[in-house]
Amino acid sequence: MALIDCDDLVFRYPYAERPVLDGVSLAIGAGERIAVLGANGSGKTTLARFIAGLLPDVAMKAERGSVSMEGRPWPAWTIAERSAAVQFVGQVPAQQLSGCAFTVYDELAFGPCNLALPEADVRARVEEALTICNLRHLVERDPFTLSGGEQQRLSIGAALAMKPRVLVLDEPTSNLDPESRDAFIEQLAALPASLTVIVFEVALRPSMALASRFLLFDGGRIVADGGASDVLTDPRCIAALGETSVARAAGSVRAAGGWPAGTPLPLTVPEASDAFAEVRRALRR
Amino acid sequence: MLSVDSVAFGYDERTPVLADIGFTVAPGDVVAIVGRNGAGKSTLLRLLNGLLQPRSGRIVIDGCATADTPVHVLARHIGTVFQAPEQQMFHANVWDEIAFGARQLGLTGDALEERVHETLVRTGLEDVTHVHPLDLDQARRRFVALASVLAMRPPILLLDEPQRGLDRAAVERLESIVVEQAAAGRSVLLVCHDMDFVARRATRVIAVARGRIVADHPTLDFFGDPALAHAAGVELPDTIALARALDLPPALTPPAFAAAWMESAAS
């Protein structure tokens with residue numbers, strides 16, 4: 001049994017002509033690192049909220065299908081159970097802050113305190129989140145005076161402090177500078193391999209650094225599911241999200257007749273650097 | 001024209017956030033302000049649009065000193081799209097949101113209709129005029145915020161992370177608007193972490209580190225010297241990094257890289 005099962009999920013916003021989720025079926029195993037890619041307005045955030053159990057709610061219900069964790073549909077979970085099982089971090093970090101913490105430390109402690117954990121456990125969780133999200137130098141700051149990137153790190157830290165088994169992140173690195181982003185990705189990779197991470201992204205670079213399985217979400221359905229080299233080169237993915245700069249550079253070289261037939265276009269700078277070096281060696285032979 | 005002269009700022013007296021900031025921006029410039037999280041980039045934008053006042057130094061926007069000009073008057077000269085567009089919206093539909101600024105300029109009747117329509121078309125929002133801005137996806141909210149600023153036609157635009165979270169079609173639309181504004185003689189300043197975007201569209205880069213300007217160069221010169229990007233804590237655009245790895249001259253865009261590669265392969 002998969003950890004999370006999304007079974008033929010159909011959902012339509014009130015008054016919308018078409019369903020935004022139009023039969024999504026998906027099995028996610030424990031420890032998977034997944035990137036769900038899709039264009040703006042394609043319904044990624046809605047899908048993310050269903051997978052994280054934030055939907056359905058009183059007002060918004062699926063027309064068909066459901067999402068289950070460990071075989072139990074989300075509505076059967078209590079909020080306390082669910083919050084220790086899965087954490088969702090949305091796109092606007094400022095909206096994620098509790099609003100009742102005067103320091104970064106208290107914000108990180110807010111969730112664990114609500115689980116009524118012993119103080120020593122709360123402190124240990126806060127310490128760990130401070131390290132993973134590079135927040136130690138900001139520990140005494142008021143969360144609402146932090147920069148956009150710092151708030152994003154704080155909201156992810158607060159989610160990690162709940163020690164969830166599944167982390168659902170909606171464009172998690174969009175506000176981060178490259179150093180914070182690389183450090184965050186490195187720390188995420190160092191978390192226990194049993195942690196399942198699902199990121200919803202329009203940006204290719206962080207997706208490639210975070211995920212090993214890629215899903216393309218288009219027209220309310222998952223239309224491609226595989227590794228980076230399969231999904232990122234899919235014409236539907238290129239149409240929605242574009243290509244990496246190096247893939248475009250190699251594509252321009254190919255258009256000018258300078259790329260060997262049958263050689264796939266590279267996706268990352270290291271891949272491109274090796275591929276171009278190989279082309280150069282072949283030219284010199 | 002925008003000029004910043006010896007500006008210093010701190011949210012309280014003990015902690016300086018920005019110090020010794022000075023630069024000018026000419027009409028037609030597209031200036032990227034880059035640096036680490038917390039370097040002071042967004043604070044700098046808030047000083048430029050008059051939401052904050054410098055502790056010392058002087059900022060002049062299109063002939064108006066920010067110290068002597070009320071924010072609502074300054075808004076005619078400098079328009080801002082903030083990082084979180086939902087924080088700058090307060091109307092119940094897209095049309096009214098975009099018309100708000102234009103109305104403040106005194107536009108009414110057909111002139112107002114025309115201005116709003118033109119802006120809606122340019123930003124790709126003509127089919128959502130009656131929708132509540134907060135019912136739109138994040139990308140289209142960004143375009144509503146941009147449209148509400150463009151409808152005022154300010155000579156200077158400030159864009160805080162405008163490309164963030166945009167898909168291919170939206171990025172292409174944004175880039176074409178930036179290029180068009182610059183070509184019309186307006187100045188664009190953008191805070192941006194996406195160095196590929198900066199490489200494609202900025203004419204100049206100002207790097208801020210620990211509250212000070214550590215570099216102010218034309219884009220190719222900035223990225224051509226990796227020490228500058230390193231000092232600012234930003235990464236090199238992919239095509240620059242690739243060109244360096246292959247000992248080719250720096251290339252800001254994929255076509256420029258391809259041209260450099262083909263030339264080197266031919267020789």
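A: Happy to. In this predicted model, strand E1 (residues 2–9) of chain B runs antiparallel to strand E2 (residues 18–25) of chain B, and 5 bridges join them. Within that pair, Val4(B) has Phe23(B) of E2(B) opposite. E1(B) also pairs with strand E4 (residues 56–61) of chain B, in the antiparallel sense and over 5 bridges. There, Asp5(B) stands opposite Arg58(B) of E4(B).

Now for the open sheet. In chain B, 6 strands line up in the order E6-E7-E8-E3-E9-E10, with mixed pairing. Strand E6 (78–81) and strand E10 (212–218) of chain B are at the edges; each has a single partner strand, so one side of each is left without a neighbour in the sheet. From one strand to the next, the twist averages 15 degrees. As for the parallel part, strand E7 (residues 156–160) of chain B is joined to strand E8 (residues 187–191) of chain B by 5 bridges, and Leu157(B) faces Val188(B) of E8(B) across that pairing.

Helices pack on this sheet too. Helix H1 (residues 41–48) of chain B touches strand E3 (30–34), E6, E7, E8 and strand E9 (204–209) of chain B, and its direction makes about 150 degrees with that of E7(B). H5(B) lies across E6 and E7 of chain B, at about 175 degrees to E6(B).

In soluble globular proteins, nonpolar side chains tend to be buried together. Leaving aside neighbours within four places in sequence, Val168(A) is in contact with Ala48(A), Ile51(A), Ala52(A), Val86(A), Phe88(A) and Ile198(A).

In all, 36 residues of chain B are in contact with 36 residues of chain A. Helix H5 (138–150), helix H6 (168–183), helix H10 (238–245) and helix H11 (254–266) of chain B each give two or more residues to the side that touches chain A. Of these, H11(B) gives the most, with 7 residues. By class, that side of chain B has 17 nonpolar, 9 polar and 10 charged residues.

Across in chain A, helix H10 (residues 245–255) is largely enclosed by the rest of the structure, because 8 of its 11 residues are buried. Among them are Val246(A), Arg248(A) and Val253(A). Their cover includes helix H11 (269–284) of chain A together with helix H7 (195–201), H10 and H11 of chain B. After H10(A) comes Gly257(A), whose phi is positive, near 85 degrees.

To step back, chain A has 11 helices and 10 strands, and buried residues make up 46% of its 285 residues.

How values were computed:
Residues numbered from 1 in each chain as written. Chains lettered and ligands numbered in written order. Predicted model: local features only at pLDDT ≥ 70, side-chain atom pairs only at ≥ 80, totals over all residues. Contact = placed C-beta atoms within 7 Å. Helix = DSSP H or I, 4+ residues; strand = E, 2+ residues; numbered from the N terminus. Nonpolar A, V, L, I, M, F, W, Y, C, P; charged D, E, K, R; others polar. Buried ≥ 20, exposed ≤ 12 C-beta atoms within 10 Å, placed from the backbone. Pairing = 2+ DSSP bridges. Axes fitted to C-alpha atoms, helices over the stretch in contact; angles between N-to-C directions.
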